Structures are given as C-alpha cells and as structure tokens.
Amino acid sequence: MRRGGRLVSVEPATAAGGPWALPGTAAPTLRMVLGTPGGAYVVEAVREGVYVVDAQGDGTAKTADERVDAGRLPCLHDHFAVDIDLCAEERWLGCADLLHGSVPRPRDHALRWVTDVLADRVGCRLATLPLDDGGWAVAERRGGRGQVRPCLVPAPSWCGSPPTAADRALLPSCLYGWAAAGQPWGKLASMVVLTRATYTA
C-alpha cells in the first residue's frame with residue numbers, strides 16, 4: 001500500500017431515506033455538509049482504492065468491489081490525493097490532483113505553503129493544509145498557471161465520535177469536491193461532518 005497516496009471518489013449525497021442518507025460502503029467514507037450563507041452542499045468522499053507497488057516499483061490501483069451502487073448519483077470527481085507529510089516520492093507527488101499536509105501549521109506559514117505547492121506542482125489542482133487553530137488553508141488552480149489564490153476555510157465540526165486518522169485524511173477530498181463543483185471559497189461558511197463509515201483493513 002502506498003503510504004500517503006490514495007485514489008478518492010467524491011460524490012454528491014442523495015436525500016433518499018433521510019437527511020443526506022447514502023448507500024453503504026466498505027471503504028473509508030467521510031460525509032460532510034459544506035454550508036453557505038444561503039444553503040448547503042452535501043458531499044461524500046470515499047477512498048476508492050489504494051496504490052500497491054510491485055517489486056519493480058510500478059504503481060497499480062486496486063478498486064474496492066464492496067461498494068453499493070444502488071441509489072448512487074453520478075460521481076462528481078475521481079482524483080489522486082497525496083499527503084506530503086507522509087510521502088516524498090517524486091513519482092507520486094508529480095501526478096497528484098490534490099496535495100495536502102496532515103501536520104497543522106500556523107496560519108501565515110500554511111497560506112505560503114499551499115501557494116508554494118501549487119507553484120511547484122503545475123499539474124496539481126488543489127493544495128490544502130490544516131491550521132493549528134483548527135481551520136484549513138486552501139489554494140486552488142483555476143485556469144492558467146498564475147491563477148492561484150490562497151484562502152482560509154473554517155474548521156469542521158464532527159458529529160458523534162472524535163475523528164480518526166482516516167477521517168482526517170479524507171477531509172481534503174471533500175474540499176476537492178467543493179472545488180470540482182465550481183463552488184467559490186468565499187461562500188464556504190461552515191463544514192459539518194455527518195457520519196463516517198467504519199472500516200477494518
């Protein structure tokens with residue numbers, strides 16, 4: 001398994017069966033309400049598979065086959081995410097759609113970090129980093145290489161039990177879903193994690 005790298009599917013939630021109810025899955029899942037002043041955008045991030053490296057160093061993606069397809073909406077976006085704090089291998093950093101850190105940093109440092117990551121990695125769309133005060137710094141590439149503007153987003157509140165490491169690792173993918181849907185960061189007023197699927201490796 002590739003430490004720090006994962007394939008993730010981001011999907012809009014369905015409302016069948018209750019507020020933002022979603023079909024079950026055996027893969028680690030994070031379901032969030034991304035709130036705006038005028039409403040909410042509900043997404044789930046599911047780790048689609050893990051990268052396995054063979055003796056020759058070739059990466060292949062294996063997709064979880066336990067996912068339940070009934071009632072699912074079309075996928076919003078599939079992407080390859082890499083945690084820079086866990087993976088420093090150039091071959092994975094160079095092909096990531098989403099680069100993020102897992103170690104919180106001070107606000108000013110984090111804003112510079114996400115900007116520098118996108119400046120160095122021209123194929124990456126989104127960089128995110130947790131803040132030591134609980135929020136997140138994000139930088140998104142829109143259009144050309146120079147169109148990168150860092151901003152701050154609020155800290156998520158977690159329903160139920162405290163978040164696990166797998167939960168926290170999927171949160172940047174929910175932010176990626178927000179960006180993939182074309183939502184502006186200035187409208188993101190709140191983030192609430194609704195439910196999380198239990199996963200046993």
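Ala45 turns up in strand 3, which spans residues 39-53; strands here are DSSP runs of E with at least two residues, helices are runs of H or I with at least four, and both are numbered from the N terminus. This is a predicted model, in which local features need pLDDT of at least 70 and side-chain atom pairs count only at pLDDT 80 or more, while totals for chains, interfaces and linings use all residues. Residues are numbered from 1 along each chain as its sequence is written, and side-chain values use heavy atoms, with hydrogens and water left out.

With a relative accessibility of 0%, Ala45 counts as buried (buried is under 20% relative accessible area, exposed is over 50%, and partly exposed is in between, using a 1.4 Å probe and protein chains only). Setting aside residues up to four places away in sequence, Ala45 touches Val8, Ser9, Pro28, Thr29, Leu30, Leu170, Ser173 and Cys174, where a contact means heavy atoms within 4.5 Å. Take Leu170: it sits 125 residues from Ala45 in sequence, yet their C-alpha atoms are 6.4 Å apart in space.

Next come the aromatic rings. Searching the whole structure turns up 2 aromatic pairs. For a pair, the ring centres of Phe, Tyr or Trp (its six-membered ring) must lie within 6.5 Å; planes under 30 degrees apart are stacked, over 60 edge-to-face, and the rest tilted. Tyr41 and Trp178 have ring centres 6.2 Å apart and planes at 85°, so this pair is edge-to-face. The pair links distant parts of the chain, with Tyr41 in strand 3 and Trp178 in helix 3 (residues 165-180), 137 residues apart. Tyr41 is buried at 18% relative accessible area, and Trp178 is buried too, at 0%.

Phe80 and Trp92 also pair edge-to-face, because their ring centres are 5.9 Å apart and their planes meet at 70°. Phe80 belongs to strand 5 (residues 77-83) and Trp92 to helix 1 (residues 90-93), so the pair ties together parts 12 residues apart in sequence. Both residues, Phe80 and Trp92, are buried.

Finally, Leu99 lies in strand 6 (residues 98-100) and is buried, with 0% relative accessibility. Beyond its neighbours within four places in sequence, Leu99 contacts several residues, including Val82, Ile84, Leu93 and Cys124. Cys124 is 25 residues from Leu99 in sequence, with 7.1 Å between their C-alpha atoms.
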